[in-house]
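This report is intended for a reader new to the structure shown below.

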Amino acid sequence: MTETANVKVRGLTRAFDDKTVIDGLDLTLRGGEFVALLGHSGCGKSTLLKILAGLDDETEGEVSVPERRSVAFQSPRLMPWLRVWRNVVLGLPGSPDRALAERYLAEVGIEEYAGRWPKTLSGGQAQRVSLARALVREPELLLLDEPFGALDALTRGRAQRLVADLWQRHGCSVLLVTHDVEEALLLADRVLVMDDGRIAYEAEVGLERPRDLGSPDFVRLRGELLHRLGVHDASAHPLEEAPA
Ligand SMILES: Nc1ncnc2c1ncn2[C@@H]1O[C@H](COP(=O)(O)OP(=O)(O)OP(=O)(O)O)[C@@H](O)[C@H]1O
């Protein structure tokens with residue numbers, strides 16, 4: 001784990017046609033820091049993550065990120081024609097190494113699924129494969145875009161605890177995009193709120209782990225963040241768009 005900044009973004013701007021989505025954004029992540037990013041739907045969170053992942057470079061401004069970085073999305077994006085273990089080591093140099101894949105599948109608790117086809121997995125299992133694929137690169141920076149968004153509540157809780165464990169074991173920095181204020185406060189050292197193309201607000205969490213949703217400090221921080229987000233009716237996923 002490094003103590004120095006491992007992400008440094010200054011004056012980042014990204015526009016699509018005439019619409020400026022990111023507008024002079026500054027962001028710093030310390031080595032080993034877990035940061036959650038909240039913000040209303042369409043405010044540019046995924047766009048920022050893609051830029052940090054190196055998937056979008058049509059930008060202005062300064063972006064400094066470590067070479068070793070991985071990204072996991074809400075949808076696991078597994079290749080259906082490759083067995084689970086081959087998905088884990090896909091894209092790594094050299095010939096596919098099953099023992100290596102199995103080591104990381106064991107880390108996420110599904111070593112026994114190495115030889116299965118992706119279509120035989122549940123959503124939660126597929127998401128674990130996606131995490132194993134991100135971790136096999138031993139990233140210094142792990143970018144997570146709503147990785148638990150499609151999971152049921154129970155699986156989601158397990159996946160959150162798994163990510164907390166993996167983060168503590170690997171010591172990488174994490175940037176987690178989420179719609180869920182409680183998830184952000186359960187996991188992160190610092191919670192950022194994005195608005196108008198920038199980081200509009202940040203809160204240091206400073207609570208001991210594992211965190212207690214009912215503790216007065218947790219409830220206070222949750223209230224502050226919801227207030228910042230302009231959410232007064234605190235439902236489980238307050239930032240998601242209402243169904244049409
Ligand atoms: N490739 C693209 N071409 C044109 N517009 C885009 C493109 N990618 C993103 N946008 C626009 O940029 C804005 C921000 O999108 P982005 O997906 O980053 O938001 P978000 O905060 O991640 O939203 P959500 O929480 O709903 O996932 C949206 O208005 C979106 O339509």
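In this predicted model, V89 is buried, because 23 other C-beta atoms lie within 10 Å and a count of 20 or more qualifies a residue as buried. V89 is placed in the loop between helix 2 (84–88) and helix 3 (98–107). Leaving aside residues up to four places away in sequence, V89 touches P96, D97, L100, A101 and V136. A114 is 25 residues from V89 in sequence, and their C-alpha atoms are 11 Å apart in space.

The model also contains an open sheet of three strands, with the order 2-1-4 and antiparallel pairing. Strand 2 and strand 4 are the edge strands, each of which pairs on one side only. From one strand to the next, the twist averages 15°. Strand 1 and strand 4 run antiparallel and are joined by four bridges; V9 stands opposite V63 in strand 4.

| Strand | Residues |
|---|---|
| Strand 1 | 5–16 |
| Strand 2 | 19–30 |
| Strand 4 | 60–64 |

Around the ligand are the residues F16, V21, G39, S41, G42, C43, G44, K45, S46 and T47. Helix 1 (residues 45–53) supplies the largest share of this shell, three residues.

An unreviewed UniProt entry carries the annotation "domain: ABC transporter" for residues 7–221. In the model, that span is 32% helix and 27% strand, and its end C-alpha atoms lie 25 Å apart.

Note on methods
Residues are numbered from 1 along each chain as its sequence is written. This is a predicted model: local features need pLDDT of at least 70, side-chain atom pairs count only at pLDDT 80 or more; totals for chains, interfaces and linings use all residues. A residue is near a molecule or strand if its C-beta atom, placed from the backbone, lies within 6 Å of it. Helices (H or I, at least four residues) and strands (E, at least two) are DSSP runs, numbered from the N terminus. A residue is buried if 20 or more other C-beta atoms lie within 10 Å of its own, exposed if 12 or fewer, and partly exposed in between; C-beta atoms are placed from the backbone. Two residues are in contact if their C-beta atoms, placed from the backbone, lie within 7 Å. UniProt positions are given in the numbering used here, feature names are shortened, and annotations may be inferred rather than shown by experiment. Two strands pair if DSSP finds at least two bridges between them. Axes are lines fitted to C-alpha atoms, for helices over the stretch in contact, and angles run from 0 to 180 degrees between N-to-C directions.
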